[in-house]
Amino acid sequence: MLPTLQHAYPYLQRLGYAAAPPPTLDSLRELQSRHTAEFPFETLSTLLRMPVPLDLPSLERKLLFEGRGGYCFELNRMFLALLQQLGFDARGLTGRVLMEGTADAVPARTHMLVLVELDGQSWITDVGFGGMVPTAPLRLDSPDAQATPHESYRLEQADGQYTLRARVAGEWRPLYLFDLQRQADIDYVVGNWYVSTHPESPFRDQLRVARTGPGWRKTLKGGSFALHRMGAASERHALADAEAVIQVLRREFGLRVPAQPGLHAAIERLLVPVGATA
């Protein structure tokens with residue numbers, strides 16, 4: 001039996017729907033676009049060494065009622081449950097993140113994405129890949145560049161594996177590698193455990209936040225806030241202290257920052273002193 005959302009209607013309300021949309025490609029496009037704009041990618045929990053449960057009641061509480069976002073295992077887990085409840089033929093996949101890694105590295109399966117079958121065609125949808133999250137579904141069997149409301153993406157297939165690339169600054173940069181192997185819930189639990197607890201996880205000692213909007217992306221990495229407008233130079237701002245970071249989290253990303261002991265100290269450790277080289 002598929003897991004069922006207890007609060008599907010409030011979820012849809014957050015996405016701007018008064019009624020459930022039909023399970024069509026147009027609906028999938030709109031759902032993905034609205035989701036990346038409404039629910040920020042954020043790693044506050046891992047920075048603060050807080051648990052990151054993946055059961056749906058916990059995810060609904062965090063995203064719908066606590067004013068938070070999450071990362072791929074949380075955002076795509078919720079999105080998958082919503083798609084299934086709306087009648088989409090959808091299932092989860094896992095991938096290996098290639099950004100910021102060496103060319104010969106074989107990273108763990110630490111990313112979750114979603115495969116959707118519609119009218120005999122396969123589509124990849126993803127609402128949890130941070131500052132480069134696609135904002136539209138991507139057709140799986142097409143090697144061509146695919147436009148989205150933001151960057152263009154393309155999928156390269158070789159030996160049963162797919163590489164997702166995004167066109168950034170004139171280059172096709174690799175984002176992640178995945179295959180179509182069926183996943184069980186325990187596969188997400190294992191990947192999520194690594195991301196949230198392993199000493200070498202990039203999310204353990206970093207604060208990463210991202211959100212999309214019409215023609216723009218906002219990102220935060222440590223104490224560096226950036227506004228990226230499509231077709232224009234990025235605007236970057238170095239934040240002076242933890243309180244400035246918290247204000248940006250609230251104002252620019254719409255997050256309800258958890259009142260956790262050690263929050264200010266954890267953020268201060270991420271900040272680059274004025275005059276230092278990042």
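Start with strand β11, residues 224-229. Four bridges join β11 to β12, and the two strands run antiparallel. Leu 227 shows how they line up: Glu 235 in β12 stands opposite. Keep in mind that this is a predicted model.

Now widen the view. β11 and β12 belong to an open sheet of five strands. Read across it, the order is β1-β9-β10-β11-β12, and the pairing is antiparallel. The edge strands are β1 (41-42) and β12 (235-238), and each of them pairs on one side only. As you trace a strand, remember a rule: in a regular strand the side chains alternate between the two faces of the sheet.

Helix α4 spans residues 56-65. Seven of its ten residues are buried, so α4 is largely enclosed by the rest of the structure. Gly 67 follows α4, with a positive phi near 70 degrees.

Look at the loop between α3 and α4 as well. Arg 49 is found there. Arg 49 is not a glycine, yet its phi is positive, about 60 degrees. Its relative accessible area is 43%, so Arg 49 counts as partly exposed.

Next, compare a hairpin. Strand β6 (residues 153-158) and strand β7 (residues 161-168) run antiparallel and are joined by six bridges. Arg 154 has Arg 165 in β7 as its bridge partner. Two residues lie between the strands of this hairpin. Asp 159 sits in the turn, with a positive phi of about 55 degrees. Go on to the loop between β7 and β8 (171-178), and you reach Ala 169. Ala 169 also has a positive phi of about 55 degrees, although it is not a glycine. Its relative accessibility is 69%; exposed means over 50%, so Ala 169 counts as exposed.

One more strand deserves a stop. Arg 109 is in β3, residues 109-118. Arg 109 is partly exposed, at 23% relative accessible area. Gly 95 is 14 residues away in sequence, but the two C-alpha atoms are 5.0 Å apart in space. Setting aside neighbours within four places in sequence, Arg 109 is in contact with several residues, including Phe 73, Thr 94, Arg 96, Asp 179 and Gln 181.

Last, step back to the whole chain. The protein chain has eight helices and twelve strands. Its radius of gyration is 18 Å, close to the 19 Å from the globule rule for 278 residues, so the chain is as compact as a globular protein of that length. The C-alpha atoms fill a box of roughly 55 × 40 × 35 Å along the principal axes. Of the 278 residues, 51% count as buried. Among contacts with a separation of 6 or more, 55% join residues 24 or more positions apart. The chain exposes about 13100 Å², and carbon and sulfur atoms supply 52% of that. Finally, there are 29 positive and 30 negative charges, and their mean positions are 4 Å apart.

How values were computed. Residues are numbered from 1 along each chain as its sequence is written. This is a predicted model: local features need pLDDT of at least 70, side-chain atom pairs count only at pLDDT 80 or more; totals for chains, interfaces and linings use all residues. Side-chain values use heavy atoms; hydrogens and water are left out. Two strands pair if DSSP finds at least two bridges between them. The radius of gyration is taken over C-alpha atoms; the globule rule is 2.2 Å times the number of residues to the power 0.38. Buried means under 20% relative accessible area, exposed over 50%, partly exposed in between (1.4 Å probe, protein chains only). Contact means heavy atoms within 4.5 Å. Accessible areas come from the Shrake-Rupley method with a 1.4 Å probe; for residues, only the protein chains shown count as cover. Lys and Arg count as positive and Asp and Glu as negative; His and the chain ends are not counted. The place of a charge is taken as NZ of Lys, CZ of Arg, CG of Asp or CD of Glu.
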